[in-house]
Amino acid sequence: MSDIEIRRAIESDLPAIVAMLADDPLGATRESPDDLTPYRAAFETLVADPQQHLVVAVRAGQTVGTLQLTVIPGLSRRGATRSIIEGVRIHRDERGGGLGTQLIEWAVAESRTLGCQMVQLTSDATRIDAHRFYERLGFEASHLGFKLPL
């Protein structure tokens with residue numbers, strides 16, 4: 001996979017990122033690739049925050065993967081800094097070829113570089129294949145997550 005470049009996302013990557021976010025049964029119900037206005041506003045917030053790392057994987061000039069890495073300092077665990085991996089998506093033509101593994105391994109290595117003592121992520125309860133993928137990479141399903149829509 002040496003032909004993959006992982007880099008910070010730029011605004012011109014947004015259409016491809018949003019398309020990947022929308023390209024599954026869950027994303028199809030909550031994403032709107034036809035109107036990028038709210039995504040542009042969110043992107044501006046992300047790039048202004050040094051603790052946010054929105055990255056893309058690019059192959060031959062095409063955006064084929066993405067994830068967001070957030071660094072959170074904290075008091076628990078003796079003042080440990082942790083990172084959270086969110087929004088992991090791989091273009092449908094690239095799935096099953098190891099790109100997801102490469103992106104997660106990048107996020108773990110970057111978390112170490114940024115001084116994090118832990119990496120965590122959440123995955124929708126219905127994404128059984130994703131759960132197996134993360135467990136294969138060494139993640140443990142150690143907590144039960146809760147959400148409250150506002």
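This is a predicted model: local features need pLDDT of at least 70, side-chain atom pairs count only at pLDDT 80 or more; totals for chains, interfaces and linings use all residues.
Buried, as I use the word in these entries, means under 20% relative accessible area, while exposed means over 50% and partly exposed covers what falls in between.

**Entry 1: helix H1**

With that cut-off in hand, I began with helix H1, residues 14-22, and listed its buried residues as Leu 14, Ile 17, Val 18, Met 20, Leu 21 and Ala 22. I then looked up what covers the buried residues of H1, and found that the cover includes H2, helix H3 (37-48), E2, strand E3 (62-72) and strand E4 (82-90).

The protein chain averages a pLDDT of 94, and 99% of the residues score at least 70. Which element has the lowest mean pLDDT, and which the highest? Helix H2, residues 27-30, has the lowest at 86, whereas strand E2, residues 52-59, has the highest at 98.

**Entry 2: the chain as a whole**

I counted 6 helices and 5 strands in the protein chain, and, reading from the N terminus on, I wrote down their order as β-α-α-α-β-β-α-β-α-β-α. Along its principal axes, the C-alpha trace spans about 45 × 30 × 30 Å. I also checked the radius of gyration, which is 15 Å for the protein chain and therefore agrees with the value near 15 Å that a compact globule of 150 residues would have.

Of the 150 residues in the protein chain, 35% are buried. Taking contacts between residues at least 6 apart in sequence, I found that 59% of them join residues at least 24 apart. The protein chain exposes about 9,500 Å², and carbon and sulfur atoms supply 54% of that area. For the charges, I noted 16 positive and 20 negative side chains, with the centres of the two sets lying 6 Å apart.

Is Thr 101 buried or exposed? Its relative accessible area is 17%, so Thr 101 counts as buried, the cut-off being under 20%. Leaving aside residues up to four places away in sequence, I found that Thr 101 touches Phe 133, Arg 136 and Leu 137.

My last entry concerns helix H4, residues 76-79, where Arg 77 is found. Arg 77 has a positive phi of about 60° although it is not a glycine, and with a relative accessibility of 55% Arg 77 counts as exposed.

Arg 78 is found in helix H4 too, and I noted for Arg 78 a phi near 60°, again a positive value in a residue other than glycine. How does Arg 78 count, buried or exposed? At 86% relative accessibility, Arg 78 counts as exposed, because the cut-off for that word is over 50%.

Definitions and conventions: Residues are numbered from 1 along each chain as its sequence is written. Side-chain values use heavy atoms; hydrogens and water are left out. Helices (H or I, at least four residues) and strands (E, at least two) are DSSP runs, numbered from the N terminus. The radius of gyration is taken over C-alpha atoms; the globule rule is 2.2 Å times the number of residues to the power 0.38. Buried means under 20% relative accessible area, exposed over 50%, partly exposed in between (1.4 Å probe, protein chains only). Contact means heavy atoms within 4.5 Å. Accessible areas come from the Shrake-Rupley method with a 1.4 Å probe; for residues, only the protein chains shown count as cover. Lys and Arg count as positive and Asp and Glu as negative; His and the chain ends are not counted. The place of a charge is taken as NZ of Lys, CZ of Arg, CG of Asp or CD of Glu. pLDDT is the predictor's confidence in each residue, from 0 to 100.
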